[in-house]
Structure formats: structure tokens, C-alpha cells
Amino acid sequence: MVLRSVCLPHSCPTRINVRRCTGFSRGPLHKTTAIYPGSFDPPTNGHLDLIERGSKIFDELIVAILRNPDKDPLFNVSERVAMLEALTSQYGNVRVDTFDGLTVDYADRVGASSVLRGIRALSDYEYELQMALMNRKLRPELETVFMMPAEKYSYLSSRLVREVAKLGGSVKGLVPELVEQNLRGKLDPAFKFGEFRAAQETRSESRKSRARKKA
Ligand code: PNS
């Protein structure tokens, strides 16, 4: 059988025999969809690094934000969706969604065959392994794929970014500029990054001056 040589967009119909423009036959084409579930509160450069890597190996990557009523997030779900949509708009095969309930059920609903998760250091491994094996128990056909972000992000987490930003430290280079701006807007103006110490000093001065007036 002679196969036509064609370049396929990501939205190509599945399960057709084609010879892709790379010149080799891939046989029956399956569109591989992966979900990248997480809290993303806020999205960091480590998350974006992983999204870029994932977008290269999956036909479709869904960044899936967990709607977790038990957590009191810094950014609400709509804010996180808006940030991630803006930050991933350059990838034609990446979209952002939200879910609640089990990750495996969500994966089933969107037809995903893989779950993408990042492993930064050995310390992540135990938790990630537990989660991957539980997900496998719940839905054996769903594969967890671990990828490593760039080494420069190996210590980076949303929790640390929130903590550093709340305490007035700089998160430059750790989160995209958009997230940095939104962190600034979100936090008490007195605790804004560079202004933190100045604000502290001003507060301490006015406390002293009030105390002097009372005395
Ligand atoms: O970014 P996070 O907080 O590390 O992401 C954790 C997440 C959302 C992937 C995990 O908590 C999850 O999958 N929650 C959905 C509920 C679920 O499926 N629990 C069983 C997992 S073994």
C-alpha cells in the first residue's frame, strides 16, 4: 500500500495510516492526551518548564487545576486559570482546565492516557510514587509519566514562592513576570517585595512615636 506523505496538524483524525512529513510511517495514529494535574498556587517557572517539556512529547496536554474546597488558596481557581491560560497561549496543544474529585476519573472524562508529574529531587519521589501507584490501582491503564524540570528549578515550589513573597522576599526569576505582578497585587501593599523593610521600619517608627506621645 502506498502511503501519502502529509504533514499533520495536532487535530488530525485519529487511527489513520499516514506517512508523516518526517518520512517514516507511524502506523495507526493514536492521539496521546496527557493531563498535568496540580494546585498551581501560583504557577512557577518550574511548572512552565514541565509544561513545555510535556507539550513536546504529548499530542495534547491539559493543565488541570484541582478545585480543592479544603484548601484556602492564595489565588482562587479563576485567577489560576487566567494566569495559566496567558502563560501557555504559545502552545497550540496545551489547554487549561479545572477538576474536582479523583484525578483518574478526570483523566477518563477527557480521554487522557497519561498523567504528567514533575520530580524535582529525591524527596518528591516517595509521595509521587505513592500517588502514581494509587492511581494505577484505581485505573491500571492510566500511565504516570515523570519528567524533571531544569536543575535551576529543583528547589522551587509554589509553597516556598508564597512564603517568600508574603514575607517580602524577591521571587524574580522563580515565577513568570505576570505571576510576580499578581503576587504583588494580591499581597498586603505593606508587604510588597522591595517595600517590605521600608514598611516595617515606618511601622516601627510610628509605634515608637505613639509610645512616646503616650508617655
Ligand atoms: O500540585 P500538587 O498540590 O502537588 O497536586 C496534587 C494533586 C492535585 C495532583 C493530587 O492532590 C490529586 O491528584 N488530587 C486529586 C484527588 C485524587 O485523585 N487523590 C488521589 C491521588 S492518589
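**View 1. Helix 4 gives the most to the shell around the ligand, contributing three residues.** The model is a predicted one, in which local features need pLDDT of at least 70 and side-chain atom pairs count only at pLDDT 80 or more, while totals for chains, interfaces and linings use all residues. Residues are numbered from 1 along each chain as its sequence is written. The ligand is surrounded by Pro37, Gly38, Ser39, Leu66, Leu102, Thr103, Met131, Met134 and Asn135, a residue being near a molecule if its C-beta atom, placed from the backbone, lies within 6 Å of it. Two or more residues of this shell come from each of strand 4 (33–38) and helix 4 (122–138); helices (H or I, at least four residues) and strands (E, at least two) are DSSP runs, numbered from the N terminus.

**View 2. Strand 4 pairs with strand 5 and with strand 7.** Strand 4 runs parallel to strand 5 and is joined to it by six bridges, with glycine 38 standing opposite isoleucine 65 of strand 5. Strand 4 also pairs in the parallel sense with strand 7 (residues 114–118) over two bridges, where isoleucine 35 stands opposite valine 115; pairing requires that DSSP finds at least two bridges between the strands.

**View 3. Five of the six residues of strand 4 are buried.** A residue is buried if 20 or more other C-beta atoms, placed from the backbone, lie within 10 Å of its own. Isoleucine 62 is in contact (C-beta atoms, placed from the backbone, within 7 Å) with Thr33, Ile35, Tyr36, Arg95, Asp97, Val110 and Ala112, leaving aside its neighbours within four places in sequence.

Notes:
Two residues are in contact if their C-beta atoms, placed from the backbone, lie within 7 Å. A residue is buried if 20 or more other C-beta atoms lie within 10 Å of its own, exposed if 12 or fewer, and partly exposed in between; C-beta atoms are placed from the backbone.
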